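Have your viewer ready and the sequence panel open.

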Amino acid sequence: MSVMQLDAPVKPDQNSPWRFFNKGKWMTQVDLPDFLEKNLSPYEGNGDFLVGPTEQTRRLWEMIQKLSREEREKGGVLDIDVNTISSIVSHAPGYLDKSLERIVGLQTDEPFKRSIQPFGGIRMVIDSCEAYGYKLPEQMVKLFTEVRKTHNQAVFDAYTSEMRAARKAGIITGLPDAYGRGRIIGDYRRIALYGVDALIAYKQKDQLLLEIDELSDSTIRAREELSEQLRSLQELKKMARSYGHDIGLPARNATEAVQWTYYGYLAAIKEQNGAAMSLGRVSSFLDIYIERDLKEGALTEEQAQELVDHFIMKLRIVKFLRTPEYNELFSGDPTWVTEAIGGMSLNGATRVTRNSFRFLQTLYNLGPAPEPNLTVLWSTRLPQNFKEFCAKVSIETSSIQYENDDLMRPHYGDDYGIACCVSAMRIGKQMQFFGARANLAKALLYAINGGTDEKLGLQVAPVFAPVTSEVLEYNEVMQRYDQMLEWLARLYMNTLNVIHYMHDKYSYERLEMALHDREIFRTMACGIAGLSVVADSLSAIKHAKVTPVRNDNGIAVDFTIDGDYPQYGNNDERVDSIASGIVELFMNKLRKHKAYRGAVPTMSVLTITSNVVYGKKTGATPDGRKAGEPFAPGANPMHGRDKKGALASLNSVSKLPYEHALDGISNTFSIIPKALGREMSDRKRNLVALMDGYFGRMGHHLNVNVFDREQLLDAMEHPEKYPQLTIRVSGYAVNFTKLSREQQLDVINRTFHSKV
């Protein structure tokens, strides 16, 4: 890895931005982990110091709630600027109320006004505008169809007929070929700690290092990308200057540290509408500035919490322009502003700070909300007070997700964030090429039907001999399935290579990459859907008698099952081992193929809410699931099949091998309040014990929902009563009332555990 060196380090005297910070390598090179290790103040106390919202916070939040109501009443989008192509400097400064805001900056010149970002694809912009009653000017359409090529057009120019067929059939779905890929986390903290002028100097030095005798294609590309990065940093300064701030120099206090950090994130979302625009891991970093200001008497606790509340408010109103079809895949208008909180350091100290509490306190001061996607990095060694506070917040808001820091830290160190939902990466030193999911349940049907799609009746995969026996035999099906997965892994990787080649070429994330080291580690983030369907189907074939029901063309369109079979989610090794084996099998097939720019393939077991879409596109399966019925989300057992209680369900999921799913294993868990105990003290203690047990068994991820099914049924009929009802779905949270009725029913039909 390259090291970004400082030319002229700031002297930490009493007037400098670095006053009273402990010295270290971070002063002469960009080294955030060293800065955190030398300066962070671990906190093991409780939340008694926390305060409620100030009057300014309440007034601002009332404005946002009013705008949110108006947006819902207008059909989901309040306004669109159809005349301006969004860029870092495209819009004049925007405010909610300048006299009240501690943190300023909006994506456009007015709150809740959405911008257009056509570089990813003009058709998506046209369709999005028309869906909400707007029309894109013909001149704009002509520009991005006849003059300027888009990422989407380039991808479809390069797609093979095989790729197009697989996309249409839904064996590969949710590919970022019509929208921004996301999953790149700029290290926005660098702006606060070093200032933009220093970052520009770093990148200029990188350019000089690439002035060599022989310019290969990779060197030419690197030089062009560095030029774009430098341009974006200059525009970042210009944008901040329009709000009255000079971010060329480091932040001098906590307010500037939060504002400088937010400016970096704001610039990124003004340029890119990626499917996941994560924030990173800023809460404990900002705590260092807040602690210094508190000690200097420049800040009170009320002001510190107000600062955090106003920052979170801005993150909650991030808006992108999307099509209704996009909403079917990623429901509820999510942006995945994922912030990682807590965890442990490599030296054994906790990374929990007072600011970790303050960030979670916003769920009380502002009420529950899906964004930012607050993610607690759980360790069995976290301070007990923080564990219990997290449990309390989960029980009362269902707004937090948890990931296993003890599992991820050995892979990623102690300065990593979560990209999108569940995927870890080292901040500023790593990026992902994101690539949606392959439908393993449909692949199983292809194995049985000789590569013919059971819904379309078309030959999508290469012609294989179909399974023609009257009763499915496990070894025969597995042999055909293994062949089908070989084909799918190759096609999937080739498709992703096309997408990311073109995304780099036509929709490069210049500002986000400007906040990375020059030499970074890349992963190709693949994913699978339908794992529990496949596990149960293979279990049924192995342990019961499964007979295909074939149509006139010999295609298996349904299945009859005679006898019982072990079902995934009940801590039964007979089927849990099948699920684990499928994860390892497909990952090993992906590893065989070369990924774009030398990326290392990884895999997730994650569906977001697209488990509903995948189900629609997939015929009946040998586990008894009927055609069109939703899959289970992520790594979850199928709805209602985990019948032996919460612990058995969690045990099954915890067996999935993280080393073969380094992109993440999503588990969404719902339990009714009384199952955790009668009193809050009991509920907190039991939820902490449950999570310690699950993560101690190396479970990777857990969404925690604590509510009764009846509450969701009432919210379906009376959404006006639940404007902020937040639920965890599959790696992210959503306002329940923003889901379609079909998606709401899917959530309601999931298992609600009534016993531990």
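**Stop one: the largest cavity**

The largest cavity has a volume of about 130 Å³. Here a cavity is a set of points on a 1 Å grid over the protein atoms alone where a 1.4 Å probe fits but cannot get out, and lining residues have an atom within 4 Å of a point; grid points are joined across faces, edges and corners, and the volume is the space filled by probe spheres set on the points. Select Ser115, Gln117, Val125, Asn273 and Leu321, the closest to its centre of the 16 lining residues. Strand 2 (113-116) and helix 3 (122-131) each give two or more residues to this lining; helices (H or I, at least four residues) and strands (E, at least two) are DSSP runs, numbered from the N terminus.

This is a predicted model: local features need pLDDT of at least 70, side-chain atom pairs count only at pLDDT 80 or more, and totals for chains, interfaces and linings use all residues. Residues are numbered from 1 along each chain as its sequence is written, and side-chain values use heavy atoms, leaving out hydrogens and water.

**Stop two: helix 9**

Now select residues 217-242, which form helix 9. Its buried residues (under 20% relative accessible area, 1.4 Å probe, protein chains only) include Leu226, Leu230 and Leu233. Just after helix 9, Gly244 takes a positive phi of about 90 degrees.

**Stop three: Leu650**

Finally, pick Leu650 in helix 23. Leu650 counts as buried because its relative accessibility is 0%. Beyond four places in sequence, its contacts (heavy atoms within 4.5 Å) include Phe669, Tyr694 and Arg697.

Note on methods. The expected span of a helix is 1.5 Å times one less than its number of residues. Buried means under 20% relative accessible area, exposed over 50%, partly exposed in between (1.4 Å probe, protein chains only). On a 1 Å grid over the protein atoms alone, a cavity is a set of points where a 1.4 Å probe fits but cannot get out, and a pocket is an open set with protein on both sides within 12 Å along at least five of seven lines; lining residues have an atom within 4 Å of a point.
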